[in-house]
Amino acid sequence: MKKPRNSIRVNRVDLKAIDPVDASLELMYFGLKGMTREADERLAEDGLGRAHHRILFIIARQDGISVGTLRDSLGISAQALHRPLKVLMDKGYVAVSRTREHHRIKSLHLTDMGRAIEHEASEAERRVMREAFAHAGKTAAAHWADVMKVISR
């Protein structure tokens, strides 16, 4: 599954720039594709995709999260969350529990299978990020984080 990454490459198609920021947008589009390629291939082996990984990623970091909080974290509608979450539950990656105090609230948890696939997909992305930061120099991670914090508001 993992292909050797002999050098960092930029997927470019010689797009015409309409604005000076277009080169950065192009790098963002193709950079995301490069960062997620291996993870997406792994997820696809189990019939999953990017939306499923985002859900698994958040539940892994906030065990017991409610469906509503997950929806708010993702910034999507209940309708948009329903299908991928149902797939994850049906395939046995996500389990649901309820507490006596809050019996109407569904708490979400990763199963062992869910933790395994989330780890594999996220580790593939972490490898790409580590390699990129190592290649770009000591301050690259901090500068990248500064830019992404502003963009993700």
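Which residues in α5 meet which residues in α6? Here are my notes, point by point.

1. First, some ground rules. This is a predicted model, where local features need pLDDT of at least 70 and side-chain atom pairs count only at pLDDT 80 or more, while totals for chains, interfaces and linings use all residues. Numbering starts from 1 along each chain as its sequence is written, and side-chain values use heavy atoms, with hydrogens and water left out.

2. Back to the opening question: Met129, Phe133 and Ala136 in α5 meet Ala140, Ala141 and Trp144 in α6 (contact means heavy atoms within 4.5 Å; helices are DSSP runs of H or I, at least four residues, numbered from the N terminus). By class, this contact has 6 nonpolar, no polar and no charged residues, with Ala, Val, Leu, Ile, Met, Phe, Trp, Tyr, Cys and Pro counted as nonpolar, Asp, Glu, Lys and Arg as charged, and the others, Gly among them, as polar.

3. Now look at His52, which sits in helix α2 (residues 50-61). His52 counts as buried because its relative accessibility is 12% (buried is under 20% relative accessible area, exposed over 50%, partly exposed in between, with a 1.4 Å probe and protein chains only). Leaving aside neighbours within four places in sequence, His52 touches Gly47, Pro84, Val87 and Leu88.

4. His52 and Val96 are 44 residues apart along the chain, and their C-alpha atoms are separated by 16 Å.

5. Finally, check Val21, found in the segment before α1. Val21 is partly exposed, because its relative accessible area is 47%.

Terms used. Helix = DSSP H or I, 4+ residues; strand = E, 2+ residues; numbered from the N terminus.
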